[in-house]
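Subject: Structure handover

Hello,

Below is the structure I am passing on to you.

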Amino acid sequence: MLSSTIGQLTAATVIVGSGKIEGVLIMAERALQELRDSLWVLNKESITIEEVEQRVNTLFWQYRKIEMPIHLEAKFDTANNGLKLTSTKAGHMYRIVQEALSNTIKHSGATLFSLALTQKNGQITLMLQEKG
């Protein structure tokens, strides 16, 4: 979890290189929020897909706020309403998204990052794609 937060700060370094110093402040704020979220996840037995969706949307909003040159899309299967995951699984799912997005921004130069989460026959699939 801490490595994801450090990844966020590393992504902020890329932003500084692009001349957007205010982006560093936003990303540092986000890193602190991630530490708080980590503690919150550890103190819950289960987390709904909707809660994961809210976190992903907040993460995407933070990147949009600093005007990153990448389009972010998230699609969550609405059939997942009320589905609960263990806090460990939900936390891992969120961290995967966070790390993939951070790596995409730092290394790929992609113009699109998309996420799709679906559920079928009791199996959850998280698909991440980048284009660029």
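**Overall picture**

Among the contacts in the chain with a separation of 6 or more, 67% are between residues 24 or more positions apart; a contact means heavy atoms within 4.5 Å. Please keep in mind that this is a predicted model, in which local features need pLDDT of at least 70 and side-chain atom pairs count only at pLDDT 80 or more, while totals for chains, interfaces and linings use all residues. Residues are numbered from 1 along each chain as its sequence is written, and side-chain values use heavy atoms, with hydrogens and water left out.

The chain has four helices and five strands. Both are DSSP runs numbered from the N terminus: helices are H or I with at least four residues, strands are E with at least two. Their order along the sequence is α-α-β-α-β-β-α-β-β.

Of the 132 residues, 39% count as buried. Buried is under 20% relative accessible area, exposed is over 50%, and partly exposed is in between, with a 1.4 Å probe and protein chains only. The accessible surface of the chain is about 7500 Å², and carbon and sulfur atoms hold 57% of that surface. Accessible areas come from the Shrake-Rupley method with a 1.4 Å probe, and for residues only the protein chains shown count as cover.

**Strands**

Strand β4 (residues 112-120) runs parallel to strand β2 (residues 71-76), and six bridges join them. Two strands pair if DSSP finds at least two bridges between them.

M127 in β5 is opposite A116, and Q123 in β5 is opposite K120. The two strands form a hairpin with two residues between them, and N121 in the turn has a positive phi of about 50°.

Q129 lies in strand β5. With a relative accessibility of 45%, Q129 is partly exposed. Apart from residues up to four places away in sequence, Q129 touches L112, F113 and S114. The C-alpha atoms of Q129 and A100 are 9.1 Å apart, although 29 residues separate the two along the chain.

**Helices**

Helix α4 has 22 residues; its first and last C-alpha atoms are 30 Å apart, close to the 32 Å expected at 1.5 Å a residue. The expected span is 1.5 Å times one less than the number of residues. The buried residues of α4 include S87, A90, Y94, R95, L101 and I105. Just after α4, G109 has a positive phi of about 70°.

Helix α3 has 17 residues, which should span 24 Å at 1.5 Å a residue, and its end C-alpha atoms are 24 Å apart, so the two agree. Among the buried residues of α3 are I49, V52, V56, F60 and Y63.

E51 is in helix α3 and counts as buried, because its relative accessibility is 16%. A polar atom of the E51 side chain lies 2.8 Å from the backbone nitrogen of T48.

E53 is in helix α3 as well. Its relative accessible area is 28%, so E53 is partly exposed. The C-alpha atoms of E53 and Y94 are 8.8 Å apart, and the two residues are 41 apart in sequence.

In helix α2 there is I26, which is buried because its relative accessibility is 13%. I26 and I66 are 40 residues apart along the chain, and their C-alpha atoms are separated by 7.5 Å.

**Core**

Which residues have the most contacts inside the largest nonpolar core? They are V56, F60, Y63, I70, L72 and L101, in a core of 26 residues. At least two residues of this core come from each of α2 (21-42), α3 (49-65), β2, α4 (87-108) and β4. A nonpolar core is a set of buried Ala, Val, Leu, Ile, Met, Phe, Trp, Tyr and Cys residues joined through side-chain atoms within 4.5 Å.

I70 touches T104, I105, A110, T111, L112 and F113, leaving out residues up to four places away in sequence.

Regards

How values were computed
A polar contact is a pair of N or O atoms within 3.5 Å; within protein, one must be able to donate a hydrogen and the other to accept it, and residues adjacent in sequence count only if both atoms are side-chain atoms.
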